[in-house]
Amino acid sequence: MSDTPFGFGLPPEEPDDGDEGRKKDPQSGGGQGPANPFGFGMSGAGGFGGPGADNPFAAMFGSLNPTDLGAAFQQLGQMLSYEGGPVNWDMAKQIARQTVAQGTADGSKDASVGASDRKAVEEAVRLADLWLDDATSLPSGAHSSVAWSRAEWVEATLPAWRELVDPVAERVGNAMGDVLPEEMQAMAGPLIGMMRSMGGAMFGTQIGQAVGVLAGEVVGSSDIGLPLGPAGKAALLPLNIETFGKDLGVPQEEVRLYIALREAAHQRLFAHVPWLRSHLFGAVDGYARGIKVDTGKLEDVVGQFDPQNPEQLQEALQQGMFQPEDTPEQKAALARLETALALVEGWVDAVVHAAAKPRLSSADALRETLRRRRASGGPAEQTFATLIGLELRPRRLRDASRLWASLTDARGVDGRDALWAHPDMLPTATDLDDPDGFVHREQIDFSELDKMLGEAAGGTPDLRKKDDGEDKSKGDDTE
């Protein structure tokens, strides 16, 4: 878990004159965004730089020219006037797009997707879906395919980020107003409102930077194992796929196709396991309900807060005021989320490998590269470790993949995929430690129970059987 899960940095300024603007005024926030988008103290190349860089307000006001200073005051005004929910999502969107516009560390700039790339993505997803038909009993879940630029990825995934982050931010934001005695809250109303407005803007700043940096690396809509994009839409980012495959020594067509297989497999799983999305997002909400705030430190800050010195609150946030405590509720929520995500990623890994291995000579190399990419802790892992305290262990992903592969050998594709019918049927964290024990455990006979439930529901079909023909729509409606 991150030491400063709610630390904030200031947004980079988007220069009006492109690269020349950054060369002329390196201190104004131009150039590549910070390598660590979640903390303060950024200095040197790519950071905020200048004296007082450890204090983002001092850095912002102390080294700006008059034009930038006006923009900074305008931003501060937006912070103090915000009256929305726990996160200022307008600010988050603006900062994410600014971060995307500045490009990545390797100098790669975002650009609109051309007709040839769109056609290549459509063909890759179509072929990937065809190959997956032999590797899983779950039918296609992608009704359409799309090629996104980085900016389009930001726009399309912000609703999911909002659903993920708002529960955590709301719990923290409420704590900022609840630390005062009830009889004092009416008197201190304007101050509390100001603090909550600043909190919403600070969360917006942090999340905007995180999403903007993440947009420079993701290759699809499901890189982190969660459905971030619209349902039924398989999305790939051609520019990021090209960057990812540049030094692999693998033909670009194979790289694109392998990533299309992963995207299409995720789409199948989330489309035909309707409880899965709410199960994952519910675990995040359960974690948020268990957050404990250091109210003692917060009371000291509120008691001494000077509205003319707003950076004081920012400094308090930097010092870990909102470091969550490891309550039993949080541990249980994180354990459920970590296990479920490992099972999702492990299933996708096993299914994609089964589909790609006989057809792509580079299947083994691409599989291992993507596994190591996850293990290296890129922006996706940083985002979740920072925002919700989640750290996916690569060992769990490999264990889950081995378990699903063993289930395929022992029970066949239909028997393996039938486990997604209900969360209680899935392997647990303990089963990941002993996959052979789970695979060879005596299977429970659900046939009589299915019959009874079907009769009670007026002939509802068995949800654990593969849908086909006219029964497919009925099964989906029931689920």
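Of the 479 residues of the protein chain, 53% count as buried, that is, with under 20% relative accessible area for a 1.4 Å probe and protein chains only. The model is predicted, so that local features need pLDDT of at least 70 and side-chain atom pairs count only at pLDDT 80 or more, while totals for chains, interfaces and linings use all residues. Residues are numbered from 1 along each chain as its sequence is written, and side-chain values use heavy atoms, with hydrogens and water left out.

The secondary structure of the protein chain comes to 21 helices and two strands, taken as DSSP runs (H or I of at least four residues for helices, E of at least two for strands) and numbered from the N terminus. Among contacts between residues at least 6 apart in sequence, 78% join residues at least 24 apart, a contact being heavy atoms within 4.5 Å.

Helix 10 (residues 252-272) and helix 14 (residues 328-356) have axes that come within 9 Å and cross at roughly 130°, where axes are lines fitted to C-alpha atoms over the stretch in contact and angles run from 0 to 180 degrees between N-to-C directions. Helix 10 and helix 14 are therefore oblique to each other, the term for angles that are not under 35 degrees (roughly parallel), over 145 (roughly antiparallel) or 65 to 115 (roughly perpendicular). On the side of helix 10, the residues that meet helix 14 include Tyr 258, Leu 261, Arg 262 and Phe 270, and their partners in helix 14 include Val 344, Trp 347, Asp 349 and Val 352. By class, this contact of helix 10 with helix 14 has eleven nonpolar, one polar and three charged residues, with Ala, Val, Leu, Ile, Met, Phe, Trp, Tyr, Cys and Pro counted as nonpolar, Asp, Glu, Lys and Arg as charged, and the others, Gly among them, as polar.

Helix 14 also packs with helix 15 (residues 363-375), at an angle of about 165° and with the axes 10 Å apart; the two helices are therefore roughly antiparallel to each other. Glu 345, Asp 349, Ala 350, His 353 and Ala 356 in helix 14 meet Ala 363, Asp 364, Arg 367, Arg 371 and Arg 374 in helix 15, and the residues of this contact divide into three nonpolar, one polar and six charged.

Asp 399 is found in helix 17 (residues 394-417) and is buried, with a relative accessible area of 9%. The side chain of Asp 399 makes a polar contact with the side chain of Arg 396 at 3.0 Å, a polar contact being a pair of N or O atoms within 3.5 Å of which, within protein, one must be able to donate a hydrogen and the other to accept it, and for which residues adjacent in sequence count only if both atoms are side-chain atoms.

Key. Buried < 20%, exposed > 50% of the residue type's maximum accessible area, 1.4 Å probe, protein only.
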